[in-house]
Amino acid sequence: LAIPSRYFSRVMERFAGRIPESCDIMSVTTGLDERTHQRMTDVASQWMKGKPVAALSGPSHAEEVARQIPTAVTVASRDPEQSLRLQRAFSGGTFRVYTSDDVIGVELGGALKNVIAIAVGVSDGLGFGDNTRAALITRGLAEMTRLGVKLGARPETFAGLSGMGDLIV
């Protein structure tokens, strides 16, 4: 599912009942639902009658993936077999997929990093330099981790691809 978060729920409503039970579902959408503040896998799962929905996140720019520049991401699912199926389906010579069962952490890492990325962009635009950039990234990662843990994620997830990795990119 690669649907802008703003339209995610409306599109999922239209998909309800149309996706075969045997089909794995994976969200690559970053963000939270504007109205309910739910993660995308929770939104999708509601429309899919509780079927596990995986999340894919990590430091990956689409144009680099298309140019086959080596990339590593994480797929997370409550169902470990689903994670392994999706890992096998999407891994390739230059695209490495790691697995996790921390869906909350993987999704929040991808979403929360955007706030820090904006702050770093502003800092760069103001000419503050590497000292400020490093402070924003490291302190931002600490804040992301604290919030994520409060929302049910594991702290170590934020030290991985969908936390620190996304912040670096």
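Author: A polar contact is a pair of N or O atoms within 3.5 Å; within protein, one atom must be able to donate a hydrogen and the other to accept it, and residues adjacent in sequence count only if both atoms are side-chain atoms. Helices (H or I, at least four residues) and strands (E, at least two) are DSSP runs, numbered from the N terminus. The model is predicted, so local features need pLDDT of at least 70 and side-chain atom pairs pLDDT 80 or more, while totals for chains, interfaces and linings use all residues. Residues are numbered from 1 along each chain as its sequence is written, and side-chain values use heavy atoms, with hydrogens and water left out.

Reader: Which atoms come within 3.0 Å at the start of H4?

Author: A side-chain oxygen of Asp79 and the backbone nitrogen of Glu81 do. Another polar contact joins the side chains of Ser77 and Gln82, at 2.4 Å.

Reader: Where is Ser77 found?

Author: Ser77 sits in the loop that runs between E3 and H4.

Reader: Does the model put Ser77 inside or outside; that is, what does Ser77 count as, buried or exposed?

Author: Ser77 counts as buried because its relative accessibility is 0%. To see what surrounds a residue, look at contacts, meaning heavy atoms within 4.5 Å. Leaving aside neighbours within four places in sequence, Ser77 is in contact with Pro52, Ala54, Gln82, Ser83, Ser100, Asp101 and Val103. The C-alpha atom of Gly160, 83 residues apart from Ser77 along the chain, is separated from that of Ser77 by 16 Å.

Reader: Which residues of helix H4 are buried?

Author: In H4 (residues 80-90) the buried ones are Gln82, Ser83, Leu86 and Gln87. These residues are on the same side of H4, because they cover an arc of only 135° around the axis. The arc is taken over the directions from the helix axis to the C-beta atoms. Arg88 and Ala89 are exposed, on the face turned away from the buried side. The cover over the buried residues of H4 includes strand E1 (25-27), E2, strand E3 (71-76) and strand E4 (95-100).

Reader: In what order do the strands of the sheet lie?

Author: Strands of a sheet pair through backbone hydrogen bonds, either parallel or antiparallel. Two strands count as paired if DSSP finds at least two bridges between them. Here 4 strands form an open sheet in the order E1-E2-E3-E4, and the pairing is mixed. E1 and E4 are the edge strands, each pairing on one side only. On average, neighbouring strands of this sheet are turned by 30° against each other, direction ignored.

Reader: How many bridges join E3 to E4?

Author: There are 6 bridges, and the two strands run parallel. Thr74, for one, has Tyr98 in E4 as its bridge partner. H4 packs on the sheet and touches E1, E2, E3 and E4, with its direction at about 175° to that of E4. For such angles, axes are lines fitted to C-alpha atoms, for helices over the stretch in contact, and values run from 0 to 180 degrees between N-to-C directions. Helix H2 (residues 40-47) lies across E1 and E2, at about 155° to E2.

Reader: How many salt bridges does the count come to?

Author: Side chains of opposite charge can pair when their charged atoms come close. The rule is a side-chain nitrogen of Lys or Arg within 4 Å of a carboxyl oxygen of Asp or Glu. The count comes to 9 salt bridges. Arg39, Asp42 and Glu107 are linked in a network of them. Arg39 meets Asp42 at 2.9 Å, N to O. Asp42 counts as partly exposed, at 30% relative accessibility. The closest N and O atoms of Arg39 and Glu107 are 2.6 Å apart. Arg39 lies in the loop between E1 and H2 and Glu107 in helix H5, so this pair ties together parts 68 residues apart in sequence. Both Arg39 and Glu107 are buried.

Reader: Which residue forms a salt bridge with Lys113?

Author: Asp166 does, with the closest N and O atoms 3.8 Å apart. Lys113 belongs to helix H5 and Asp166 to helix H7, so the pair ties together parts that are 53 residues apart in sequence. Lys113 is buried at 13% relative accessible area, and Asp166 is buried at 8% relative accessibility. In H7 (residues 161-168), the buried residues include Ser162, Gly163 and Asp166. Strand E2 (53-57), helix H5 (103-125) and helix H6 (130-150) are among what covers the buried residues of H7.

Note on methods. Buried means under 20% relative accessible area, exposed over 50%, partly exposed in between (1.4 Å probe, protein chains only).
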